[in-house]
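These are my notebook entries on a structure I was asked to look through. I record what I looked up, in the order in which I took the points.

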Amino acid sequence: MTLQTLPRIALIEDDEIVRQTTCQWLELAGFEVEAFSHGKAGLDAVLQHPFDAVVSDVKLPDVDGLSILNELELHQVATPVLFITGHGDVDMAVGALQNGAFDFIEKPFEPERLSQRVSEAVDSYRQQASTQERQAYLARISGLEKVLIGQSRVMQQLREQVAKLARIDTNVIIYGETGCGKELVATSLHNESARQAQRFVPINCGAIPENLFESELFGHESGAFTGANQRRIGKFEYAHKGTLFFDEVESMPASMQVKVLRALQEHTIERVGGNQSIAIDTRVIAAAKADLNGHETFRQDLYYRLNVAQIHLPPLREREDDALILFEHFTRQTNPETRLASEADRHAILSYSWPGNIRELRNVAVRFALDDGISVMEILSNRPSSTMEAVQSDVPLLIQLHNFERKVLHECLVAHQGRIHEVMLALDLPRRTLNQKMKKFGLNRADYT
Ligand SMILES: Nc1ncnc2c1ncn2[C@@H]1O[C@H](COP(=O)(O)OP(=O)(O)OP(=O)(O)O)[C@@H](O)[C@H]1O
Ligand SMILES: [Mg+2]
């Protein structure tokens, strides 16, 4: 990820000795300094090139400090200006503060004090500038970019690929780490396609017991097996003319892989316990975390069927500064009044590796937005590691089950943005049961839409 470059400071001071020593101090403190002996030269440089702060004498041979401030304002350059003042200049310095100067420092001063104030000026400027840039980005995006948010090169390429593949009615495999947007890409492919008016039907191949899989996918006739009291339509039929999304496709039981392959080859299915062959027209999108090519337990003939096109989702840590944009997006979504992330928060966001990708980032952003006093670092250091999250050896089983069930419902509501019908389908829950459970866990649909 890109961390920011050394702060660039324009130093304007006519006294050669003061200029040289101040320049050295600032460079030792980690700033990149460009020094000018005249106000006009310094001003022109600041108007033409990006600087993070200006450190300037108030009394200069050609122009004075105040007019530098005015010129910057006139040209809408928000670079903060710190004045160095001699004894007699305090009145002028106070005037400068009223006109928007960041601060003034009276000569003689300690080098540490100067570098401290310059750092503060740089931080606040960078914070403001980058926040404004991100807010402007979030406000101006539309279409697919508003769904698959991100300014990085890889995300731009991804959106182009999604837009292109959406128009071609082929099967697609989406690869990517956990939480990096596979399902979101799958729904985008559907929503941008000619099938958009029909259903998008997700099926999580890792979550269905093998003995129920066939009837889930193909449906059953009444009396097909014990407990099959009435006819049930399977996901294939339900997705007729729409899109069927095989999530975690690598977990599909071997026995089912054969049957799915046959359905895809023949464009027909039979319900369990039925003889009638039913024509189906579905586009299949699959998501996988592991490479299916040469996969030990995944049939290669099915792989070739699905693998007409591939999308590789980059993990969040490879998306340049997108983590900051997404953080901004999720915090504002949770609470429009959320405070700005500090320099330290932003640093933590950019240096963390985000193994849980965008889902993990969203959770952190939501906590940040709901808790006024907490920093990103604190949130990150307090959270249990994702592998340990599910199982705790010293908590009663019932409580763990309760928490897990709540988490499943919550994640599913988030994934489907509160669309109850989709949640019912995804979790295979009747509406009444889902409503009861949501009530029990205090989950409100409105919080997810
Ligand atoms: N580029 C993005 N812009 C905005 N939100 C995103 C983006 N990518 C992912 N998300 C959000 O992040 C969350 C996780 O995404 P999604 O469920 O699609 O990931 P996944 O790859 O399917 O995860 P898993 O492997 O755990 O199933 C969702 O809430 C999704 O809306
Ligand atoms: Mg998913």
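**Entry 1**

I began with Asp428, which is partly exposed because its relative accessible area is 41%, between the 20% and 50% cut-offs. I note that the model is predicted. Asp428 is located in the loop joining α18 to α19 (431-440). I read its phi as near 50°, a positive value in a residue that is not glycine.

I then turned to Gln417, in the loop between α17 (397-415) and α18 (420-427). Its phi is near 45°, again positive in a residue other than glycine. Gln417 counts as partly exposed, because its relative accessibility is 40%.

I also looked up the peptide bond from Lys107 to Pro108 and found it cis, with omega near -5°. Pro108 belongs to the loop between β5 (103-106) and α5. I flagged these entries because most residues other than glycine have a negative phi and most peptide bonds are trans.

**Entry 2: Asn307**

Is Asn307 buried or exposed? I recorded Asn307 as buried, because its relative accessibility is 19% and the cut-off is under 20%. The residue sits in the loop between α12 (300-306) and β14 (309-312). I found a polar contact of 2.9 Å from its side chain to the side chain of Gln310.

**Entry 3: helix α13**

I checked the length of α13 (residues 322-334) against expectation. At 1.5 Å a residue, its 13 residues should span 18 Å, and the end C-alpha atoms are 18 Å apart, so the two agree.

I next listed the buried residues of α13, which include Asp322, Leu324, Ile325, Phe327 and Phe330. Which helices do the buried residues of α13 pack against? I found α5 (111-140), α7 (153-167), α14 (343-351), α15 (357-370) and α16 (376-382).

**Entry 4: ligand 1**

I counted 19 residues around ligand 1, the closest being Thr178, Gly179, Lys182, Arg359 and Arg362. For Thr178, I found a side-chain N or O atom 2.9 Å from an oxygen atom of the ligand. A polar side-chain atom of Arg359 is likewise 2.9 Å from a ligand oxygen. For Arg362, the distance from a side-chain N or O atom to an oxygen atom of ligand 1 is 2.5 Å.

On its own, ligand 1 has 630 Å² of accessible area, of which the protein covers 90%. I noted that α8 (182-191), α13 and α15 are the elements giving two or more residues to the shell. By class, the shell residues comprise 10 nonpolar, three polar and six charged.

Notes: Residues are numbered from 1 along each chain as its sequence is written. Chains are lettered from A and ligands numbered from 1 in the order in which they are written. This is a predicted model: local features need pLDDT of at least 70, side-chain atom pairs count only at pLDDT 80 or more; totals for chains, interfaces and linings use all residues. Side-chain values use heavy atoms; hydrogens and water are left out. Helices (H or I, at least four residues) and strands (E, at least two) are DSSP runs, numbered from the N terminus. The expected span of a helix is 1.5 Å times one less than its number of residues. Buried means under 20% relative accessible area, exposed over 50%, partly exposed in between (1.4 Å probe, protein chains only). Contact means heavy atoms within 4.5 Å. A residue is near a molecule or strand if one of its heavy atoms lies within 4 Å of it. A polar contact is a pair of N or O atoms within 3.5 Å; within protein, one must be able to donate a hydrogen and the other to accept it, and residues adjacent in sequence count only if both atoms are side-chain atoms. Accessible areas come from the Shrake-Rupley method with a 1.4 Å probe; for residues, only the protein chains shown count as cover. Ala, Val, Leu, Ile, Met, Phe, Trp, Tyr, Cys and Pro count as nonpolar, Asp, Glu, Lys and Arg as charged, and the others, Gly among them, as polar.
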